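Q: I'd like a close look at how charged side chains pair up in this protein. Please start there, and then tell me what goes on around them and in the rest of the fold.

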Amino acid sequence: MAEAPRVFAIGDLHLPGSMDKSMDMFGSHWENHFDKIRTDWKKKAREQDIILIPGDISWAMHLEEAREDLEAIQGLPGIKVFLRGNHDYWWKSITRVREALGLGSYALQHDGLMMGEYLFAGSRGWERPSVEMPDPEVEKIYQREILRLEMSLQHARRLDAQKRLVALCHYPPTDAQGTRTPVTDLMAGYGVSDVVYGHLHGYACGSAFSGTVDGVGYHCVSCDCLGFTLYQLPEKA
């Protein structure tokens with residue numbers, strides 16, 4: 001009998017997108033960062049495992065420029081689930097993105113996905129509006145992302161009301177203290193078990209919240225915060 005799939009996550013791969021775009025400018029630890037990721041990935045993941053990638057996949061501006069990066073990721077073991085990040089400018093038409101990914105990879109956008117005993121949903125999110133310095137544009141985008149997140153969670157729960165639901169976000173759903181937000185309220189309300197998110201880098205990794213809010217586990221999976229290794233979600237009964 002085949003072993004049950006495990007769920008891993010890693011975000012913010014920031015692959016070059018057919019450009020001379022090196023991440024080394026952000027520190028020497030970024031040197032050859034995808035080689036480090038690839039080595040660890042091949043050691044840990046099996047073909048039946050699920051790999052969640054919550055955004056900032058490629059620096060490409062257009063889909064054709066991102067193909068080489070997508071192929072490099074697809075060449076690694078596991079079933080991949082992608083979510084758009086704020087730097088994924090190449091991700092425009094979801095139909096074209098899904099065509100480019102082909103078999104064995106999935107792109108979430110305003111919908112949900114059922115794979116075996118798991119459900120997946122999510123939305124990019126946005127920075128939390130500031131109470132001290134209100135910005136109408138930030139508030140507008142944040143509220144739009146809340147609607148998109150709920151649309152995705154609703155879709156997932158229509159697929160199955162009981163299966164374990166894991167959500168992907170690009171932006172952090174909460175602050176360093178794990179403060180309740182409209183995002184965490186939605187996650188708890190729809191019975192999400194775990195949320196993976198990215199966006200944070202460098203010193204900001206130290207302020208990333210990893211813990212539980214209202215019974216939902218939160219995990220920062222930006223690749224440099226993980227030391228360029230896959231993160232395995234806790235297995236739950």
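A: Searching the whole structure turns up 13 salt bridges. To count as one, a side-chain nitrogen of Lys or Arg has to be within 4 Å of a carboxyl oxygen of Asp or Glu. The general idea is that side chains of opposite charge can pair when their charged atoms come close.

Before we go on, a word on the model. It is a predicted one, so local features need pLDDT of at least 70 and side-chain atom pairs count only at pLDDT 80 or more, while totals for chains, interfaces and linings use all residues. Residues are numbered from 1 along each chain as its sequence is written, and side-chain values use heavy atoms, with hydrogens and water left out.

Let's take helix H1 to begin with. Here the side chains of Asp35 and Arg38 meet in a salt bridge, 2.8 Å from N to O. Both residues sit in H1, three residues apart, or about one turn of the helix. (Helices, H or I with at least four residues, and strands, E with at least two, are DSSP runs numbered from the N terminus.) Asp35 is partly exposed at 38% relative accessibility, and Arg38 is partly exposed at 27%. For these labels, buried is under 20% relative accessible area, exposed is over 50%, and partly exposed is in between, using a 1.4 Å probe and protein chains only.

Now go to helix H2, residues 63-74, where Glu64 and Arg67 are three residues apart, about one turn of the helix. Their closest N and O atoms are 2.8 Å apart, which makes a salt bridge. Glu64 counts as exposed at 51%, while Arg67 is partly exposed at 29%.

Another salt bridge joins Arg128 and Asp175, with the closest N and O atoms 3.6 Å apart. Arg128 is in the loop between strand E6 (118-123) and helix H4 (136-159), and Asp175 is in the loop between strand E7 (164-169) and helix H5 (182-189), so the pair ties together parts that are 47 residues apart in sequence. Arg128 is partly exposed at 36% relative accessibility, and Asp175 is partly exposed at 22%. There's a network too: salt bridges link Glu3, Arg6, Arg46 and Asp49.

What about a charged residue with no such partner? Asp224 is buried yet has no salt bridge, and the nearest side chain of opposite charge, Lys36, is 11 Å away. (Lys and Arg count as positive, Asp and Glu as negative; His and the chain ends are not counted.) Asp224 lies in the loop between E10 and E11. Its side chain does make a polar contact with the side chain of His201, at 2.8 Å. A polar contact is a pair of N or O atoms within 3.5 Å; within protein, one must be able to donate a hydrogen and the other to accept it, and residues adjacent in sequence count only if both atoms are side-chain atoms. Leaving aside neighbours within four places in sequence, Asp224 is in contact (heavy atoms within 4.5 Å) with residues including His29, Trp30 and Cys205.

On to the aromatic rings: the structure holds five aromatic pairs. One of them is Trp30 with Phe228, edge-to-face, at 5.0 Å centre to centre and 75 degrees between the planes. Trp30 is in the loop between strand E1 (7-9) and helix H1 (33-44), and Phe228 is in the loop between strand E10 (216-220) and strand E11 (231-232), so this pair ties together parts 198 residues apart in sequence. Rings of Phe, Tyr and Trp (its six-membered ring) pair if their centres lie within 6.5 Å; planes under 30 degrees apart count as stacked, over 60 as edge-to-face and the rest as tilted. Trp30 is buried at 2%, and Phe228 is buried at 4%.

Finally, step back to the whole chain. Its secondary structure comes to five helices and 11 strands. The C-alpha trace spans about 50 × 40 × 35 Å along its principal axes. Of the 237 residues, 51% count as buried. And among contacts between residues at least 6 apart in sequence, 75% join residues at least 24 apart.
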